[in-house]
Amino acid sequence: MSDPANSRGVTDPKEIAGADPHTGEREIDPVTGYDTTGHQWGPIRELNTPFPMIALVALALAFGYSVIAWFLLPAWPTGRHYTPGLLALDQGQEAMRDFRAIQARRGEWFSRFADPDFASLVADRSLMAEVMPAATRLYHDNCAACHGDDGGGGPGFPNLRDNHWLWGGEPAKIAETIAVGINSDDTDTRVAQMPSFDWIEIAERNSIADYVVQLPSGNTDPASAGGKLFADNCASCHGDGGVGGLDNGAPSLTDHSVIYGQDLSTELITLRHGRQGVMPAWVPRLTVEEVNLLALYVWQRSATASKVMK
Ligand code: HEC
Ligand code: HEC
């Protein structure tokens, strides 16, 4: 295709806008709209799409940066080691330095939890303010999945925030519960067995269940059939009148602080099949210091603590 510029008498091909510098011809590819270079391989024509200058500049800058970085920063592997660079940065060592600093700061108070005098720990307000963030993290990492973010528990998992305890609510008792667990695989585990009463006549089971459902209301008659059956079969573990507090893992049945539930159908399931909830043992998964810290944390957030500390 001949260009009208040629016909105007321009002889230098470079002066024809967009024209091939060798031939002076300008040919536009009808499909893409690009100029062509004039090179042709069989039926294939080469489009004139030069590499963008900005990419070349970026490439050159990146290469320049990498050369500088080779000198300044850790770069080339040399077998077991590497070239450290003129700045001698080592993020591994930096992380270890920070970690040791945290441990040293923690060490100042952490050792006081090894064999704690809980009363004097609680009295030390600035210490408590310092340790509670670590305790909160420990609780959320290890306990919240079962006992809830706020310690409020749920079906099958006891509430840790109220004033009712299966195994005692002083920090030392709580620490032991956490350390050895309940029905856990620890050799010193606390054992809580609610036996099955499936051997009792269904009619009697119903009357016991009716009696127990009424216990929180206080409107129960110990001389009723259910009351007598309760005294014979249940009071040895749950206490007279079901008040609990025997520190044998059997909950009080007179309040609403229950593990499984105190409606009639849950009650009948408990009587028929028994119960044996499992709380894992946390030593040695956690250190003794961490367990004691958690015990204080749980205690401090419970209604038991607010009674003592008001
Ligand atoms: C050998 C001791 C023992 C005897 C006897 C016993 N219980 Fe229990 N009971 C327990 C223990 C321990 C638990 C807690 C089970 C657990 O931790 O999973 C429990 C749990 C329960 C619960 C569930 C409470 C909740 O918080 O949801 C009910 C209800 C109950 N018992 C009723 C009875 C009744 C009614 C009887 C008598 C027919 C009885 N128990 C006899 C030890 C006993
Ligand atoms: C896998 C679930 C699970 C996890 C995780 C768990 N618990 Fe428990 N916890 C239980 C169950 C279930 C019970 C009640 C066991 C029973 O008596 O039936 C319990 C009971 C307790 C008790 C006894 C409450 C009382 O009334 O005496 C304390 C205290 C306790 N847990 C604290 C903790 C702490 C602190 C952690 C975190 C280190 C934790 N638990 C992690 C399931 C769990």
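The model is predicted, so local features need pLDDT of at least 70 and side-chain atom pairs count only at pLDDT 80 or more, while totals for chains, interfaces and linings use all residues. Residues are numbered from 1 along each chain as its sequence is written, and chains are lettered from A and ligands numbered from 1 in the order in which they are written.

Start at ligand 1. Around ligand 1 there are 26 residues, and Met194, Cys234, Cys237, Tyr260 and Gly277 come nearest. A residue is near if its C-beta atom, placed from the backbone, lies within 6 Å of the molecule. Helices α8 (202–214), α10 (235–238) and α11 (264–273) give two or more residues to this shell. Helices here are DSSP runs (H or I, at least four residues), numbered from the N terminus.

Now turn to ligand 2. Its surroundings also hold 26 residues. The closest are Cys143, Cys146, Leu166, Gly277 and Met279. At least two residues each come from α6 (144–147), α7 (171–180) and α12 (288–301).

Next, look at α12 and its partner α5 (residues 125–142). How are two packed helices described? By the angle between their axes and the distance between the axes. Here the angle is about 95° and the axes are 9 Å apart. Axes are lines fitted to C-alpha atoms over the stretch in contact, and angles run from 0 to 180 degrees between N-to-C directions. Therefore α5 is roughly perpendicular to α12 (65 to 115 degrees).

Technical notes
Angles under 35 degrees count as roughly parallel, over 145 as roughly antiparallel, 65 to 115 as roughly perpendicular and the rest as oblique.
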